[in-house]
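Hi,

Here is the structure I promised to pass on. Have a look at it first, and my notes follow below.

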Amino acid sequence: MTRYVHKFFSALGLSAMLVAGAAQADDGKKVSVVDDRGVTVEVPAQPKRLASISYFADDVALALGIKPVASTYMTKGREPEFLLGRTSGMKQIGQRAKPNLELLSEAKPDLIVAIRRYTVGNAAQLQNIAPYVAYNMELLEESYSETAALSKLLGQPERGEQLNAEFRKHLAEFAAKAPKGVHPRFLIMWGGATPFAFHTENTSASIVAAIGGDNVPGPKTPGGEFGIDLSLETMLEKDPEVIFVYDSGPDRPHESNPIWSQLSAVKNNRVFYVGDQWVETNGPIAREIVLREAAHYLYPDTFPAVDVKAEAAKLIPAELQN
């Protein structure tokens, strides 16, 4: 595990520049930041109207006591429990992979924070609406640098660093409390005829691995993607003991495959359909909740069940909860 974490730090790359790259402009009214595209973006020194393409910026902002004006969603009509449904009071601008730029423009943001892989194709259009900053939002180490960088852009660098320090502490505490010598084989996946599973470097998988889980897909190849299409046949060969499935709705074609019922996790009722925080894990609220849920699902005799809303309420200031 230590070797794996060290590998993470050494592979940090551009995301580490996000914290160091932000600097006050000479006139005190602008901030210059290098985002995960390697692009330098000039943004307001104190942005007031934040728009979030993905839940990451919502997550960071709410943890800082700031309510964004606009947000995309993961599943239409479902407000994320891990954000206490606060996105319902924001202008809805479409699904995160296909944001509606007209609706985004209507929200009149002065800063757009977006998930990189879904927005690089229309970066120029986004930049015409408002300053646009893109993050990868894929790996655990990026979670630390991205949380720090966005907290700094929103005028609360100390709080961002505090949130990171607290999570590192909690992760170490949970890992220390986990049963020794027990390494449940696990898998985190999107459902489908051919499921898409996350490599160990992905944020949610990293958290489960850090507390002792053995990730079936293993690490990604250098420079490769954070996930992989994993056939049910391969899944049966690896036979995970615990499976986390992102709950994107009632359509679950993987369950119709006869191989599915042969998996140990299925036979032992250890398949868990999990919420949006397991996909949008890079923010400070999501990762804390995933840590607690993962600990309980891996070691139910050691860690208690999790009330997602109660945990979220500990991190979102009271004034934003009503």
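The largest nonpolar core has 56 residues, and Tyr135, Leu150 and Ile285 are those with the most contacts inside it. By nonpolar core I mean a set of buried Ala, Val, Leu, Ile, Met, Phe, Trp, Tyr and Cys residues joined through side-chain atoms within 4.5 Å; buried is under 20% relative accessible area, exposed over 50% and partly exposed in between (1.4 Å probe, protein chains only). H3 gives the most to this core, with 6 residues. A second, separate core of 30 residues includes Ile188, Ile207, Ala294 and Tyr297.

Before going on: this is a predicted model, where local features need pLDDT of at least 70 and side-chain atom pairs count only at pLDDT 80 or more, while totals for chains, interfaces and linings use all residues. Residues are numbered from 1 along each chain as its sequence is written, and side-chain values use heavy atoms, with hydrogens and water left out.

Back to helix H3 (residues 56-63): 8 of its 8 residues are buried, so the helix is largely enclosed by the rest of the structure. Helices (H or I, at least four residues) and strands (E, at least two) are DSSP runs, numbered from the N terminus. Leu150 touches Phe56, Ala57 and Val60, among others, with contact meaning heavy atoms within 4.5 Å.

Two backbone spots may interest you. Lys108, in the loop between helix H4 (101-106) and strand S7 (111-115), has a positive phi of about 55° although it is not a glycine. Asp239 also has a positive phi, of about 50°, but Asp239 is buried, at 18% relative accessible area, whereas Lys108 is exposed, at 59%.

Best wishes

Definitions and conventions:
Lists of a residue's contacts leave out its neighbours within four places in sequence.
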